[in-house]
Amino acid sequence: MANPVSDPSRATVQTAAAHPQPRLAVRFPGLVRRLPWLVLAVLALFPLLAPLGGLEYYVGFVRRLLIVAIAAASLNFILGYGGMAALGHAGFVGVGAYTVVALVDAGFSSAWLAWGAALLAAGLCAALIGAVSLRTRGVYFIMITLAFAQMLYYLAVSLRTYGGDDGYGLYTPLAMGAWLDGAHPDVFYWVVLGIAALVFAAFGRVAHSRFGYALRGIRDNETRMAALGYPVYRLKLAGFAAAGAVAGLAGGLLASHNAFVSPAIMHWTQSALLLVMVMLGGLGRRWGAPLGVALWLTLEEMLKLYTDYWHWPLGLLLLLVVFRAPQGLAALFERRDGHGGAR
Amino acid sequence: MSLFRAQGLVKRFGGLLAADHVDLAVEQGEIHALIGPNGAGKSTLVNLISGLLPADAGRIVLDGVDLTPLSAQQRVRHGLARCFQIASVFRSDSVRDNLLLAVQAQAGSSFRCLRRRESERALMDAAQALAERLALTEVLDRPAGVLPHGMQKRLDVALALAARPRLLLLDEPMAGMGPEDSRQMIELIESLRGEMAILLIEHDMDAVFQLAGRISVLVNGRVLTSGDAAHVRGHAEVQSVYLGTEVPA
């Protein structure tokens, strides 16, 4: 009789890579270690340098990129580290965005209050959805998270007060506080950059904490984790809710960025796009999400200049990555000892 | 009173009665072997006792506590740990990380998310002690998945021992092992005698007779008989089962 429990093939998502081939990291170890700081410095200076090259338009582009990277990083956390293949992550982005809309509609104008509320509302929503969804596995989990996200989507469509299908315009920017608002036209960019840096630092930290190790253990061998005495369900739920909260924060920021929110923000194709970007960058790798987002959005932006059929080359790129670098771009930057990228 | 008692455990898979009102008792500090031909329901029984499979009926009591309504993870907290027939380790993690994960489960909350685990001295020490006890110090930095089979099985035992169980379930610890690995595993189990009770499922009869104080024989989901080695050896039905004659159900 087959033993249904101890079969190792039941581990849902296989470990992304046991032995990555760290090409860049071997050749330039120092550079790769300092790269995140270097990138942060360049990003911080970008709004000041952009006018010199006539690139002002791209300050807004990079701001959007950073916001999407926050959302992608939260998906990477539950999917890459937690092994939870959720296909409804844009739903939580949408909950965050509509929380901002609701507060603005009710007459509130503080950005910090709105973004904080977006974080909390999406976290609460993720906790409720996770409490149900996490009782299922594999394909069923994918379908049920998708179903919940679609419910949220149609809820947004049906909300006439907030514009329904047409969306809702946020005509006056949210106030970030007296000394920030007047300081510089691009202050919102730096605020987003700061929040993104904090989010990435936090995820990096959590990955090496007890909680991070426990989540990866559940991803790799859930049965063993239960037999070791771990509260598997509660750990997954905590990770799922935290990721939903961060996605909601990204949604709140996106609402401010676009000064407009419509249900399209939480359509299921947006969830799929987030998934594609995370896989492109490297599932379960510390810098996977920002790399994937940066590559995808930059190429999209460039290709749009030349052709309306920009999906074509992006599709080819995806195929190329799947066949040539299945562990994602971030794997190229990692050292073999595993400390470079938290796996 | 026995340390552990299973009463009337029943498990059906469709029409198959994999556990047919199983009664089993394990005494304090005893090594109790469970033997039986393939398909007798031994692994099912381990899964029922450890809580990875829900029982259709019956009761499980450990040290006076009724474990029946508890989940697998809660049962570990009450002193019931297990190993797996196919070594169940975290294959892409180093042996050290495997041990840390097992130790961490017992020492405080795993919801801590800001302190780096590497900075927790107590965890590191406990993992090191476990490695020393199971002769795994040489391979601490190697991924568990590349270890030889015998070592993976030993690591599997180490993961269970981290819980400091009162009852340890060993599901065929010697399965697929060569003579040298088997000898080491027998020594290891022998060294645990008295420290905890052990329910040992094993096909290697030499090991069983060497280690076990009492032996229960499981056939077609039922306990045929329980007793010491001499009793089981002399039992007519047991002999016929192991010679391949079907026992009338």
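B:Glu195 is partly exposed, with a relative accessible area of 46%. On this scale, buried means under 20% relative accessible area, exposed means over 50%, and partly exposed lies in between, computed with a 1.4 Å probe and the protein chains only. The residue B:Glu195 sits in the loop between helix H6 (179–192) and strand S8 (197–201) of chain B. Helices (H or I, at least four residues) and strands (E, at least two) are DSSP runs, numbered from the N terminus. The side chain of B:Glu195 is joined to that of B:Arg133 by a polar contact of 2.9 Å. A polar contact is a pair of N or O atoms within 3.5 Å; within protein, one must be able to donate a hydrogen and the other to accept it, and residues adjacent in sequence count only if both atoms are side-chain atoms. B:Val157 is 38 residues from B:Glu195 along the chain, and their C-alpha atoms are separated by 14 Å.

A word on conventions. This is a predicted model, in which local features need pLDDT of at least 70 and side-chain atom pairs count only at pLDDT 80 or more, while totals for chains, interfaces and linings use all residues. Residues are numbered from 1 along each chain as its sequence is written, chains are lettered from A and ligands numbered from 1 in the order in which they are written, and side-chain values use heavy atoms, with hydrogens and water left out.

I turn next to the salt bridges. Side chains of opposite charge can pair when their charged atoms come close. A salt bridge here is a side-chain nitrogen of Lys or Arg within 4 Å of a carboxyl oxygen of Asp or Glu. How many salt bridges does the structure hold over all chains? There are 22.

In chain A, A:Glu301 forms a salt bridge with A:Arg64, with 3.9 Å between the closest N and O atoms. A:Glu301 lies in helix H13 (residues 288–306) and A:Arg64 in helix H3 (residues 57–81) of chain A, so this pair ties together parts that are 237 residues apart in sequence. A:Glu301 counts as buried, at 13% relative accessibility, whereas A:Arg64 is partly exposed at 23%.

In chain B, B:Arg82 and B:Asp171 meet through their side chains in a salt bridge of 3.9 Å, N to O. This pair links distant parts of the chain, with B:Arg82 in strand S6 (residues 80–82) and B:Asp171 in strand S7 (residues 167–171), 89 residues apart. Are these two residues buried or exposed? Both B:Arg82 and B:Asp171 are buried.

Another salt bridge of chain B joins B:Asp141 and B:Arg96, whose closest N and O atoms are 2.4 Å apart. The two residues are 45 positions apart: B:Asp141 is in the loop between helix H4 (121–133) and H5, and B:Arg96 is in helix H3 of chain B. B:Asp141 is exposed, with a relative accessible area of 61%, and B:Arg96 is partly exposed at 28%. Elsewhere, salt bridges that share partners join A:Arg137, A:Glu222 and A:Lys236 into one network.

Next, the interface between the two chains. In all, 48 residues of chain B are in contact (heavy atoms within 4.5 Å) with 33 residues of chain A. Together the two chains bury about 3400 Å², 59% of it on carbon and sulfur atoms. Buried area is the accessible area (1.4 Å probe) that two parts lose on being put together, summed over both. Which three residues supply more than any other three of the area that chain B buries against chain A? They are B:Gln73, B:Phe90 and B:Phe111, which supply 19% of that area.

Between chain B and chain A there are two salt bridges, and one salt bridge pairs A:Arg224 with B:Asp156, at 2.2 Å between the closest N and O atoms. There are also 19 residue pairs in polar contact between the chains, both residues being at pLDDT 80 or more. Several elements of chain B each supply at least two residues to the side that touches chain A, among them strand S2 (16–26) and helix H5 (149–161). H3(B) gives the most to that side, with six residues.

Finally, chain A as a whole. Its secondary structure comes to 14 helices and two strands. Of the 343 residues of chain A, 54% count as buried.

Notes:
Contact means heavy atoms within 4.5 Å.
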